[in-house]
Amino acid sequence: MHNNVLILDFGSQYTQLIARRVRELNIYSDIKPYNNPPEDLSIYKAIILSGSPHSVRGDNVPHPDLSEIKGKKPLLAICYGAQYLAHFNGGNVAPSATREYGRANLSYTKENEDFLDGIDDGSQVWMSHSDTIKKLPDGAVRLASTHDVENAAFRIEGEKTFGIQFHPEVYHTKDGKKILENFLVNIAGLQQDWTPDAFVETTIEELKEKIGDDKVILGLSGGVDSSVAAMLLHKAIGSHLHCIFVNNGLLRKNEFDSVLDQYKDMGLNVKGVDASARFLDALKGESDPETKRKIIGRVFIEVFDDEAHQVENAKWLAQGTIYPDRIESVSASGGPSAVIKSHHNVGGLPDYMKLKVVEPLQLLFKDEVRRVGKNLNMDPAILGRHPFPGPGLGIRILGDITAEKVSILQEVDAIFIDGLKKWGLYDKVWQAGAMLLPVNSVGVMGDERTYEKCVALRAVESTDGMTADWVNLPYEFLQKTSNDIINKVKGVNRVVYDISSKPPATIEWE
Ligand code: XMP
């Protein structure tokens with residue numbers, strides 16, 4: 001196994017960022033909740049304590065026993081972690097006179113420290129805390145301060161134990177990655193061997209060994225995750241991988257055929273199943289968003305199940321689950337919580353299929369999936385594709401769904417997305433799409449009065465879909481796109497652009 005860093009999560013909004021920064025250094029890292037830590041710590045070569053929304057002085061807040069860790073393994077404690085380290089070990093934590101949030105500049109109080117090697121005096125760091133460490137823990141030496149925070153960085157004499165009040169994982173901390181590198185590579189002595197090359201090589205070997213001559217079934221969605229998972233399995237077991245790509249009738253214009261061709265060009269053993277009519281039939285007259293989702297999910301499983309049964313003696317179901325889907329989260333109240341989200345695109349298969357599950361991407365973040373795909377020489381058009389919801393256009397047609405509405409929305413969406421590509425805007429946008437509104441409005445076309453549909457265009461910037469900002473697309477682009485849609489798509493006479501951020505407005509309108 002690779003060098004492994006354990007990140008103990010105290011519920012900070014930045015915990016996943018810590019893991020990603022560590023992995024950018026080509027070092028593998030695992031996130032575990034502080035209240036459900038791994039039993040065997042021997043595989044971990046270094047430990048990081050995260051921040052937290054709590055105060056160490058509160059009741060019912062994270063106060064784990066650090067005696068198996070502190071002084072025994074290289075330890076970096078960040079923000080709340082550092083405060084807790086002080087609290088746990090003879091120091092004192094008190095409310096700050098002012099809430100410290102935002103940029104600050106480090107100044108050294110101790111020179112020639114490995115921990116701050118290569119960091120300029122005055123380097124910008126990011127603070128976000130309302131408590132402060134008044135008295136350092138026993139045996140600690142202060143390494144750096146900022147204007148408002150005396151104990152911004154410290155280490156404990158005779159140990160590889162460090163505490164920092166600022167957040168090295170946040171981009172605004174200019175040298176944050178260097179500080180993590182100093183700790184993990186120079187001080188803890190970890191190898192930087194978590195590379196896409198190494199991942200591809202070891203994963204293919206592991207898959208070969210695990211699966212042997214068995215047959216595997218995988219549902220392709222057209223998205224990045226299932227495509228990269230398929231490619232890894234294909235390299236490992238070739239035609240024993242049976243891929244199924246279902247057309248639910250709610251895909252983008254021409255997407256079923258073009259994606260199916262792409263999959264075939266990749267050499268995949270793939271069967272395209274056009275079940276559009278079955279989905280549309282099941283959705284007839286239904287306008288409640290959650291009921292529509294449930295129907296689409298149920299019919300998907302029925303269709304997939306029918307197809308999977310035709311693969312004789314299949315033993316495995318492969319899924320494109322990625323690491324963020326599997327992280328156990330610490331609940332906001334600080335209490336124990338161990339929720340692992342199921343992969344919402346597939347939703348699992350009925351128990352009676354008795355298939356074992358294989359998830360080749362379960363250790364990767366999305367950006368790592370893309371890097372692995374690149375390493376496998378996959379088409380950049382597949383790797384750069386925007387996220388697209390499992391229920392597809394079904395949740396972008398507000399209200400009930402008909403074949404005519406799907407066809408109108410497919411035309412509108414294609415003009416918008418092709419336009420983004422032509423104008424070089426597609427890769428600058430995280431996700432984009434069009435919504436068909438249940439609204440008719442009056443227009444004039446030539447001498448005629450019209451009373452037709454209105455569509456809304458939405459384009460957002462985001463990193464994970466949890467929060468999102470609308471994109472400031474150029475007016476010239478919006479003008480051209482609106483003209484094209486109204487001139488070319490029969491039944492639409494009005495186009496609006498959605499300028500709402502999430503929260504509160506979700507990315508999809510349903
Ligand atoms: P919202 O609309 O919640 O969307 O802001 C966040 C991200 O999730 C996608 N999404 C879905 N994906 N099944 C999916 O597979 C769904 O039911 C679903 N609903 C929303 C959405 O496209 C965005 O990327």
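Which residues touch the most other members of the largest nonpolar core? Hi everyone, let's work that out together, keeping in mind that this is a predicted model.

The answer is Ile48 and Phe115, and the core they belong to has 82 residues. Take Ile48: setting aside neighbours within four places in sequence, Ile48 contacts Val5, Leu6, Ile7 and Leu8, then Ile18 and Val22, then Leu76 and Ile78, and finally Leu180 and Phe183. Who gives the most to this core? That is helix α5, residues 224–237, with nine residues. And where does the core sit? Domain 1 (5–187) and domain 2 (206–383) both contribute residues, so the core lies between them. There is also another core, apart from this one, with 48 residues, including Ile217, Ile295, Val299 and Ile408.

Now for the sheet. Eight strands make up an open sheet with mixed pairing, and the order is β2-β1-β3-β4-β10-β9-β8-β6. At the edges are β2 (28–33) and β6 (107–108), each pairing on one side only. Strand β6 is joined by two bridges to β8, residues 140–145, and the two run antiparallel. If you want to find that spot on screen, look for Tyr108, which stands opposite Ala144 in β8.

Next, the helices. Helix α2, residues 80–88, lies across β3 (46–49), β4 (75–78), β9 (153–156) and β10 (161–164), and it runs at about 110° to β4. Helix α3, residues 176–187, packs on the sheet too, touching β1 (4–9), β3, β4 and β10, and its direction makes about 160° with that of β3.

Terms used:
Residues numbered from 1 in each chain as written. Predicted model: local features only at pLDDT ≥ 70, side-chain atom pairs only at ≥ 80, totals over all residues. Heavy atoms only, no water. Pairing = 2+ DSSP bridges. Helix = DSSP H or I, 4+ residues; strand = E, 2+ residues; numbered from the N terminus. Contact = heavy atoms within 4.5 Å. Axes fitted to C-alpha atoms, helices over the stretch in contact; angles between N-to-C directions. Core = buried A, V, L, I, M, F, W, Y, C linked by side-chain atoms within 4.5 Å. Buried < 20%, exposed > 50% of the residue type's maximum accessible area, 1.4 Å probe, protein only. Domains from an automatic or database assignment.
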